[in-house]
Amino acid sequence: MKKVLFFLFCLLMAAGSSAQLFITRTGFASFYSKTSLEDILGKNQQLYAAINTEKKELAFMVLMKGFEF
């Protein structure tokens, strides 16, 4: 979570300057679902993301096979 906040902070600081492209290959994604039958927790360490500050675009990719339940 700290890495994500730091990344977003850097993005905001760079938004006023020239256009830049930020890329990371060390992202983390997780989800939690609480149901009446069972709770489901999925974690994935294989997240790739890119942010283009000029066009204000965000793209990310998470491999479905990379989730651990």
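Two strands are taken to pair if DSSP finds at least two bridges between them. Strands (E, at least two residues) are DSSP runs, numbered from the N terminus. The model is predicted: local features need pLDDT of at least 70, side-chain atom pairs count only at pLDDT 80 or more, and totals for chains, interfaces and linings use all residues. Residues are numbered from 1 along each chain as its sequence is written, and side-chain values use heavy atoms, without hydrogens and water.

Strand 1 covers residues 21-34, and strand 2 covers residues 39-52. The two run antiparallel and are joined by eleven bridges. Together they form a hairpin, with four residues between them. Within this pairing, serine 33 lies opposite isoleucine 40 of strand 2.

Lysine 56 sits in the loop between strand 2 and strand 3. Its phi is near 55°, a positive value in a residue other than glycine. Lysine 56 counts as exposed because its relative accessibility is 76%. Exposed means over 50% relative accessible area, buried under 20%, and partly exposed in between (1.4 Å probe, protein chains only).
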